[in-house]
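Please read the following report alongside the sequence and the three-dimensional view.

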Amino acid sequence: MQSRRVFLRGAALTMFGAGSAPLWLGRAAQGSSASTKSRKVLVAIFQRGAADGLNTVVPFGEKDYYKLRPNLAIPAPVRAAASGDAAIDLDGFFGLHPGLVGLKPLWDAKELAIVNAVGSPDPTRSHFDAQDYMEAGTPGVKSTRDGWLNRAMVDADGHPVSPVRAVAMGSALPRILRGAEPAVAIDRLEDFQVRGRQAASAFSSIYGDSADTLLRHTGKEAFDAIRIVRQVSAQTSHPGADYPNGPLARNLRQIAALIKADVGLEVAFADVGGWDHHVNEVGPRPATGQLANLLRQVGDALSAFRKDLGDRFEDVVLVTMSEFGRTARENGTRGTDHGHANLMFVLGGPVAGGKVYGEWPGLSDGQLYERRDLAVTTDFRDVLGELVTQHLQNHDRTGLFPGYSLSPQRFRRLYRMDGAAAQSRA
Amino acid sequence: MRWRMPVIAGAGRRSFTKALCAILGVPLAVSILIGEESAIRSTPAFSEPLDEARQVEHVANRLTFGPAPDVVASLRAIGIHKWIELQMQPERVPESKLLEEKLAAYPALRMTTEELAKEYPNRQYLRAVARGRADLPTDPKERETVEALAKVQAERERGFLKQARSKGTPAEPARNNATASGDGQSLVGMSEAERLIALAGMTAEERQAAIRSLPIAERRALVESVRPALTVQTSLVAGKLLRAVYSERQLEELMTSFWFNHFNVSVKKEADRYYSIPYERDVIRKHAFGKFEDLLVATAQSPAMLYYLDNYQSVSPDARLRRRRQRGNRAPRGLNENYARELMELHTLGVDGGYTQKDVTEVARCFTGWTIDVRTPGGGFRFAPQLHDTKSKVVLGHKIDAGGMEDGLRVLSLLANHPSTARFISTKLAERFVADQPPAGLVDAMSATFLRTHGDIREVLRTMFFSKEFLSEGAYRAKVKQPFEMVVSALRALHADLTQPVALARALDRLGQPLYRKQEPTGYSAMNAEWVNSAALVERMNLALGLAANQVRGVRWRDIPATGPATVEMARSEWMLPVSESTVASIHKAIDDPAQEQLRQFRGASEPQLWAGLLLGSPEFQRH
């Protein structure tokens, strides 16, 4: 499969040559397509280390929550005075961790949905295995060669595709984005170039004139990508977008720049680590400490990302995931251990937001999975499957998650059907 | 340049391609073929012999991590045949003294798992110590060290909290009277425990300042003493790079790399950090030229593999009931098929090797009870009869009812001598050493040798290396170097001194081949297409320029030819690199371009250095 696609990709480049092709192709294509600006983008964010979902979206309406976490529980919202220590009420039962205050406007604008009690049917509590399964999209099966985010792209089928169609922020291509469709890892857009103009010009000509077919093509592709990315990095973020410090914010800013520059980006990926809070998850008060600091970074970064995109937010869906959740009960060191179900944030213009999706399994002893963890009521593949099907318009229901046939009946309907999906049907 | 993509949707695109072909006057089929390499690596090319000079060039490139002058001299002196024979008996090749000196700095590489676990306590253990839930060493000195480490670890885990606090009010760290000054020198004379206690008493900033004020060598020792688990991993990485660059036993290193990758485990799965050192040394390298079945059994019984593919926790469903009764609410465990599946798909038969899901389950049942001895730290393989499924099984049509550990051994023997395995292993070897699509005749011959000799790896390699196909036009420069091969061959070409292997290893992360961190059990692909993509190629070009300009951390080299043309001469004669005239012309054009006059210098690199960098980053150097 892979060799066929790579082979066709090579062929396409041969046909068009490189360098001048994209421009030429762009003009040629304009007659045959609708607005190229409405290109859809799916952004996936992985919280590595198993984030504590129960303290991220707080089930303050559940008294067992307070019983299980005497030192860790975030207090229920205080309606009168805005307290930075209490959960931010969403629907009278769930509330955001106060560190996520930046997400509240998105919730109010119905651009943010939450899927709760979501996870993998596989029972593993190994970070390594669970991340592997979630990136491959095949719980319990390790031999899957590629990642679901790569499979999420519609097969280019020999068509020339943008060199930056799929981008992972970072220095190595992660499991989730490996596969037949070309994908690149870029750490910093401004560093994505051959250092030294003289060297760059020499390399460009060495590769351009090489008799080595494979390397000549890829060399040309590389210099195309460099030209594109150099344009993008010159752009600045929207003045209203106040990105915080930290790697996630930096990566979201770069993803936003790629989206706004309209260079053919379809899927993007970034990860954020540091969630494995066995010890001192919370500080002197439950709403402070390690988790609170991380959540504030995430909330502020996502909020800035949304502002930065402006109107382009209509074409973007961003989804967060973490390999599993943490124990419902706090442990003896002001932390939590490896658990089971977690939650996903889904945000974007086409998202039917302002709602917590998924059945809530409850936290009483009998309701907990193996009497310790939040139970899974939504398979993570049904959430991702809905987004890939509806947003990216990839209708391959069996290929996205090998061994798992997607059924729209299981979709949570968090994608607005009056939005982009309906448009594309017209 | 700003460009837009056509909206892609279904059948419209295919006709669009056709239309473009029509516009350009290119027949679709022909244009498709141009992109495919195999078109020029046809079967006849594998019967066209190389002349003698290129035979030496080919062997010096393909069977080492890059030609070094002594390799080429030796090849010329004793001939290709003898040189290969000698390399396949590494114990007869005296090892480089320089390598031995450099490896001496990494004591972890010589330790058993048990010694590693003791010498470099891991995070879980230290966390348990901090919680007062772990047994401490009886030796008072060791106990002191472990307690200090646990304190440092707890401190680091609170780092986030501390940073946050210090933004508002200054942190008030717990101090002790050992030292709290930022002066690193005072740490040098202390015992390890004293030093750790001192470090634990500092703030993060003080600790960093103290560490920075030390000379590099001391700094490494200090960081290692504070982060023991990391040291195990960095030792592993350093060992691999140093051996590849300096070892006289180049083919042994290549085969070690090949088999480790074939039987991949990953240090991303925590305990495999500790298991990987003995695994590479005592399982992989030990059997690299031996019998395949011995290699297979050794991997199957290694804690590295038992842990990586979960077999250590695979138990008979009947045994689970017994366990539950004993241990109350412990998580229920049962059959885990991971190892069984990968054993057949990746280690032996290959995915099309003719096994079914039923076989996977049956094999998994045979391996129940093959586990890791957790009764002592760093324990090894253990067969636990009470966890074994004692009923009879049928694997690939063979009844297996020996019972006990023998079941697993019978399966391994069956698989190791299976015709599908012979073919799968032969194909994979030929894909690495001959070409992406090796000629069928060669694979047939190798498979026949494999079956005739009961999987004698050395014999299979002989069949391959001494075949006409190996020394043919079809094989010549047919392979793109993997990133590790590219980096090491560049160092060997430059006669570089590798002073900080771990710093260089970061370059490999950027090239897409992080060492020992391949997550999937598949290992890295040896196929050209896997390694040729735009982002990785840009990284290769930059690394080549940096290496040649002596700007890559951890690597230094001195012998620089005086001129560009002299550099090309060196590349052709010493690197055994057939530099094309078009490449030389391109470099001349760029360097002599008057418009670029003011840019002549590449970040302080001399002109010959720029030439060397462009040659190392050229398409020619990416192949071997």
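The report below treats chain B as a whole, then selected parts of chains B and A.

This is a predicted model, in which local features need pLDDT of at least 70, side-chain atom pairs count only at pLDDT 80 or more, and totals for chains, interfaces and linings use all residues. Residues are numbered from 1 along each chain as its sequence is written, while chains are lettered from A and ligands numbered from 1 in the order in which they are written.

**Chain B overall**

Chain B has 33 helices and six strands; helices (H or I, at least four residues) and strands (E, at least two) are DSSP runs, numbered from the N terminus. Of the 624 residues in chain B, 49% are buried. A residue is buried if 20 or more other C-beta atoms lie within 10 Å of its own, exposed if 12 or fewer, and partly exposed in between, with C-beta atoms placed from the backbone. Among contacts in chain B between residues at least 6 apart in sequence, 72% join residues at least 24 apart. Two residues are in contact if their C-beta atoms, placed from the backbone, lie within 7 Å.

**A helix pair in chain B**

Helices H18 and H23 of chain B pack with their axes 9 Å apart, at an angle of about 140 degrees. Axes are lines fitted to C-alpha atoms, for helices over the stretch in contact, and angles run from 0 to 180 degrees between N-to-C directions. H18(B) and H23(B) are therefore oblique to each other; angles under 35 degrees count as roughly parallel, over 145 as roughly antiparallel, 65 to 115 as roughly perpendicular and the rest as oblique.

| Helix | Residues | Residues in the contact |
|---|---|---|
| H18(B) | 292–300 | Phe292(B), Glu293(B), Leu296(B), Val297(B), Ala300(B) |
| H23(B) | 406–416 | Gly408(B), Leu409(B), Leu412(B), Ser413(B), Ala416(B) |

**A loop residue in chain B**

Tyr524(B) lies in the loop between helix H28 (501–510) and helix H29 (528–531) of chain B. Tyr524(B) is partly exposed, because 18 other C-beta atoms lie within 10 Å. Not counting residues up to four places away in sequence, Tyr524(B) touches Asn261(B), Gln482(B), Gln513(B) and Lys518(B). Its C-alpha atom is separated by 36 Å from that of Ser606(B), 82 residues apart along the chain.

**Two features of chain A**

In helix H12 (residues 380–390) of chain A, 11 of the 11 residues are buried, including Phe380(A) and Gln390(A). Chain A also has an open sheet of three strands in the order S2-S4-S3, with antiparallel pairing.

How values were computed
Two strands pair if DSSP finds at least two bridges between them.
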